[in-house]
Amino acid sequence: CNIFSSSIVIEPDNPFTISVSANKNPICLGECVTITANGASNYSFDNVPNSINSIQVCPTVNTTYLVKGTGFDGCTSDTKSINIIVNQPISISVSSPYLCPSQSAVVNCSGANTYAISPSVFSTGTNPFIVMPPSSQTFNITGTDNAGCVTSKSFELTVDPIFCCGQ
């Protein structure tokens, strides 16, 4: 009688790779984005098991999202991440909100690539703007960044001769 012995060695598969992408990145503040993963049969986005392969998110600050995939054989992928960049509104600084007649204020802008001021009749330059209104006036600055995000901020300049007494 012969006795045979056999053994089966099971070697774990190496983790497989999934891909992750966003339909838009960076996004403007207030926008939502769809994050899509591919390469597996089931997905877990940021520890939400059995997710479909895409989620919609609406972050207000730069946020990193993690996703893992599971194959039909139950093997898990490496974790992939995607950082969604949220472009923030412009900021402006005014040298002085109070002016004497015939004085000007310097307005510096940041957070965008191009700027426009309205009304533009009392200003020169593009950034910084030199603004010299004949009377108190509210101005609006609109900034547009490389992603096409458009934001606006308003500021008021007060022209007051009483403020200038003694100057």
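## Salt bridge

K24 is partly exposed, its relative accessible area being 30%. In this predicted model, K24 forms a salt bridge with E31, and the closest N and O atoms lie 3.0 Å apart. E31 is also partly exposed, at a relative accessible area of 26%. The structure holds one salt bridge. Side chains of opposite charge can pair when their charged atoms come close.

## Overall make-up

The protein has 167 residues, of which 25% are buried. Its secondary structure consists of 17 strands and zero helices. Among contacts with a separation of 6 or more, 48% are between residues 24 or more positions apart. The exposed surface comes to about 10300 Å², and carbon and sulfur atoms supply 52% of that area.

## The four-stranded sheet

Four strands make an open sheet with mixed pairing, in the order β11-β17-β16-β13. Residues 98-99 (β11) and 114-118 (β13) stand at the edges; each of these strands has a single partner, so one side of each lacks a neighbour in the sheet.

Strand β16, residues 137-144, runs antiparallel to strand β17, residues 150-159, and eight bridges join the two. Within this pairing, T138 has E156 of β17 as its bridge partner.

S123 belongs to strand β14, which covers residues 123-124. With a relative accessible area of 15%, S123 counts as buried because the cut-off is under 20%. Beyond its neighbours within four places in sequence, S123 is in contact with I117, F129, I130 and V131.

P119 sits in the loop between β13 and β14, and a cis peptide bond joins S118 to P119, with omega about -5°. P128 sits in the loop between β14 and β15 (129-131). The peptide bond from N127 to P128 is likewise cis, with omega near 10°.

## A positive phi at S102

S102 lies in the loop between β11 and β12 (105-110). S102 is not a glycine, yet its phi is positive, at about 70°. Most residues other than glycine have a negative phi, and most peptide bonds are trans. S102 counts as exposed because its relative accessibility of 67% is over the 50% cut-off.

Methods
Residues are numbered from 1 along each chain as its sequence is written. This is a predicted model: local features need pLDDT of at least 70, side-chain atom pairs count only at pLDDT 80 or more; totals for chains, interfaces and linings use all residues. Side-chain values use heavy atoms; hydrogens and water are left out. Buried means under 20% relative accessible area, exposed over 50%, partly exposed in between (1.4 Å probe, protein chains only). Contact means heavy atoms within 4.5 Å. Accessible areas come from the Shrake-Rupley method with a 1.4 Å probe; for residues, only the protein chains shown count as cover. A salt bridge is a side-chain nitrogen of Lys or Arg within 4 Å of a carboxyl oxygen of Asp or Glu. Two strands pair if DSSP finds at least two bridges between them.
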